[in-house]
Amino acid sequence: MGNLPHISENEQGDKTLYVGGKPYIALGGELHNSSASSLEYMEEEVWPYLKDIPLDTVLLPVYWENIEPIEDQFDFTLLDDLVKQARREGVKLILLWFGLWKNGQSSYVPGWVKEDYQRFFRSCYKIGHPSETISPFCQEAVTADAKAFSRLMKHLWEVDEEENTIIMVQVENEIGFLGAERDFSPAAEKAYSEEVPAIIESLYNCTGSWEDALGEDAAEIFMAYYYALAVEEIAAQGKANYPLPMYVNAWLEQF
């Protein structure tokens, strides 16, 4: 796939981002959540104000609800035009994939996902009430997100592999379940009662169910593990189509 953006060790052994075969320091600025949903807004309220700031990179959200408004029907028109704007402005892009999770919620999923509470079930609070966050234990949802992300990355390879305007992708945004120590949906309850996976046994030198093995830390590690599984599945399918550097971030408790 040519000389793609990638991360590798430099001559001093430090992990370094390379773009166009050269080390790249991203002097970046991140857009507000919905700024990239309108070309007109970007033209009037974003690009003119970046000219006087020494930025070479813009972190720009891409919304699942915009690229797959109808299941299995994909529209990359907005993204293509945003990429053209970035090329005109002479900046690189890091895309933020607002898929299943954004700031601990599922705000940017398509309407056909939001409206189907059976197929795409939600995480539950301890008293059994569902939240507005799709559960990481919902394989149907993870599969749908992974398919959309895979199509996104395939499209990026087709339109940007030669230009390298897009240099990196963030998969999901600030994942985590807010308002409860863990997901209490039926699927999560079942998983929580089962033996911890082999990798958890190895990392923490423990055995038994999650609570028996990890005590007061069980809920947090349990959720981190299953979110990680979901994101890894989504990222892997995208990377198979276009192996740009990818990363993930998480919602941290604020005091």
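1. Start at isoleucine 94. This residue sits in strand 6, which covers residues 92–102. The model is a predicted one. Is isoleucine 94 buried or exposed? Its relative accessibility is 7%, so isoleucine 94 counts as buried, the cut-off being under 20%.

2. Next, the surroundings of isoleucine 94. Isoleucine 166 lies 72 residues from isoleucine 94 in sequence. In space, their C-alpha atoms are 5.8 Å apart.

3. Isoleucine 166 leads on to leucine 156. The C-alpha atoms of leucine 156 and isoleucine 166 are separated by 8.1 Å. Along the chain, these two residues are ten apart. Leucine 156 belongs to helix 5. Its relative accessible area is 1%, so leucine 156 is buried. Beyond its neighbours within four places in sequence, leucine 156 is in contact with Leu79, Leu95, Glu161, Ile166 and Tyr242.

4. Now the core. How many residues does the largest nonpolar core have? The number is 77. Leu60, Trp64, Trp97 and Trp210 are the residues with the most contacts inside this core. Helix 9, residues 218–241, gives the most to the core: eleven residues. In soluble globular proteins, nonpolar side chains tend to be buried together.

5. Aspartate 72 is not a glycine, yet has a positive phi of about 70°. Asparagine 164 is not a glycine either, and its phi is positive too, at about 55°. Where do they lie? Aspartate 72 is in the loop between helix 2 (64–67) and helix 3 (77–89). Asparagine 164 is in the loop between helix 5 (139–160) and strand 9 (166–173).

6. Aspartate 72 has a relative accessible area of 48%, so it is partly exposed. Asparagine 164 has a relative accessible area of 8%, so it is buried.

7. Aspartate 14 is another loop residue. Its loop runs between strand 1 (6–9) and strand 2 (15–19). Aspartate 14 is partly exposed because its relative accessible area is 43%. With residues up to four places away in sequence not counted, aspartate 14 touches Ser8 and Glu9. What separates aspartate 14 from tryptophan 97? They are 83 residues apart along the chain, and their C-alpha atoms are separated by 27 Å. Tryptophan 97 is among the residues with the most contacts inside the largest nonpolar core.

8. On to the whole protein. The secondary structure comes to nine helices and ten strands. The C-alpha trace spans about 55 × 50 × 40 Å along its principal axes. The radius of gyration is 20 Å. A compact globule of 255 residues would have a value near 18 Å, so the two agree.

9. Of the 255 residues, 46% are buried. Among contacts with a separation of 6 or more, 71% are between residues 24 or more positions apart.

10. Last, surface and charge. The accessible surface comes to about 13100 Å². Carbon and sulfur atoms hold 51% of that surface. The protein has 18 positive and 44 negative charges.

Methods: Residues numbered from 1 in each chain as written. Predicted model: local features only at pLDDT ≥ 70, side-chain atom pairs only at ≥ 80, totals over all residues. Heavy atoms only, no water. Helix = DSSP H or I, 4+ residues; strand = E, 2+ residues; numbered from the N terminus. Rg over C-alpha atoms; globule rule 2.2 N^0.38 Å. Buried < 20%, exposed > 50% of the residue type's maximum accessible area, 1.4 Å probe, protein only. Contact = heavy atoms within 4.5 Å. Areas by Shrake-Rupley, 256 points an atom, 1.4 Å probe, with all protein chains shown as cover. Lys, Arg positive; Asp, Glu negative; His and termini not counted. Charge placed at Lys NZ, Arg CZ, Asp CG, Glu CD. Core = buried A, V, L, I, M, F, W, Y, C linked by side-chain atoms within 4.5 Å.
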